[in-house]
Amino acid sequence: MIKINRVDVSHLDKLIEIDHNNFNDPWSRDMFEKELLHPNSEYYAIFNDDDIIGFCGGWYIIDEYQINKIVIDKKHQNKKLGQMFLIYIMELYRLRNIKKATIEVRESNKIAFKVYLKAGFDVIGKRENYYQNNGETAYIMIREF
Ligand SMILES: CC(C)(COP(=O)(O)OP(=O)(O)OC[C@H]1O[C@@H](n2cnc3c(N)ncnc32)[C@H](O)[C@@H]1OP(=O)(O)O)[C@@H](O)C(=O)NCCC(=O)NCCS
C-alpha cells in the first residue's frame, strides 16, 4: 500500500541511498544530515508498505515552503507517483495557509519540469550557470496559493 509520512534524520541512511541512486550530484552525508536537522526542515517520504521509495522536502519558513529535493526511486519512476506525491504535499501546505512554494529545476530535466507544472508551479525566472557540476541553467518555479 502506498502512503506518505513525515521523515527525519532517523531515516537518513535510506534517504541517502535513494539520493545516490538517482542523482549525479548527490548530497554528502554531512550535508544531508544538516539539512534534516535544520530547524525549518520538513521532509516527507512516499512508502510502498514499509519501504521508502521516494522523498520530498525542504524548508518551511513563515508562509513559504522551499522544496530542496524531490525524488522517486528509479524502479518506481514514470508511474505518476511523483506528480501524485507533489500534489498531495501541496494540499498539506494549503491546509496550513501557505502563501507560496518554490522549487528549482535543471533546464534539461523535462520530466521534473512537467511534474512541477502539473502540481501548479509556474516559471518565474531563470539562473544561468547555476549548477556547479555542469554549469546548467536553473528555472525558478513558484506555486502561489
Ligand atoms: C522527477 C521525478 C520526481 C518525477 O517522478 P515520476 O514519478 O517519475 O513522474 P510521473 O510519473 O509522476 O510523471 C512523469 C511525467 O513526465 C512524462 N515523461 C516521461 N518521460 C519523459 C521525457 N523523456 N520527456 C518529457 N516528459 C516525459 C511522463 O509521461 C509523465 O507525464 P504525464 O503524466 O503527462 O504522462 C522522478 O523522475 C525522479 O526522481 N527523477 C530523478 C531525480 C530528479 O530529477 N528529481 C527532481 C529534481 S530535485
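Tutor: Gladly! This is a predicted model, and from the N terminus on the elements of the protein chain run β-α-α-β-β-β-α-β-α-β-β. That gives four helices and seven strands.

Student: Why is helix α1 called oblique to helix α2?

Tutor: Helix α1 (residues 12-22) and helix α2 (residues 29-37) pack at an angle of about 125 degrees, and their axes are 11 Å apart. Roughly perpendicular covers 65 to 115 degrees and roughly antiparallel needs over 145, so α1 counts as oblique to α2. The crossing of α1 past α2 is right-handed.

Student: Which residues make that contact?

Tutor: From α1 come Leu-12, Leu-15, Ile-16 and Asp-19, while α2 provides Arg-29, Phe-32, Glu-33 and Leu-36. By class, the contact of α1 with α2 has five nonpolar, no polar and three charged residues.

Student: How do you know that the radius of gyration agrees with a compact globule?

Tutor: A compact globule of 145 residues would have a radius of gyration near 15 Å, and the protein chain has 14 Å, so the two agree. Along its principal axes, the C-alpha trace spans about 40 × 35 × 35 Å.

Student: What makes up the shell around the ligand?

Tutor: β4 (64-72), α3 (81-95) and α4 (110-118) each supply at least two residues of the shell, and the largest share, five residues, comes from α4. In total 19 residues surround the ligand, the closest being Val-71, Gln-77, Gly-82, Gln-83 and Ala-112. The shell divides into eight nonpolar, six polar and five charged residues.

Technical notes
Residues are numbered from 1 along each chain as its sequence is written. This is a predicted model: local features need pLDDT of at least 70, side-chain atom pairs count only at pLDDT 80 or more; totals for chains, interfaces and linings use all residues. A residue is near a molecule or strand if its C-beta atom, placed from the backbone, lies within 6 Å of it. Ala, Val, Leu, Ile, Met, Phe, Trp, Tyr, Cys and Pro count as nonpolar, Asp, Glu, Lys and Arg as charged, and the others, Gly among them, as polar. Axes are lines fitted to C-alpha atoms, for helices over the stretch in contact, and angles run from 0 to 180 degrees between N-to-C directions. Angles under 35 degrees count as roughly parallel, over 145 as roughly antiparallel, 65 to 115 as roughly perpendicular and the rest as oblique. A crossing is left-handed if the near helix is turned anticlockwise from the far one by less than a right angle, and right-handed if clockwise. Two residues are in contact if their C-beta atoms, placed from the backbone, lie within 7 Å. The radius of gyration is taken over C-alpha atoms; the globule rule is 2.2 Å times the number of residues to the power 0.38.
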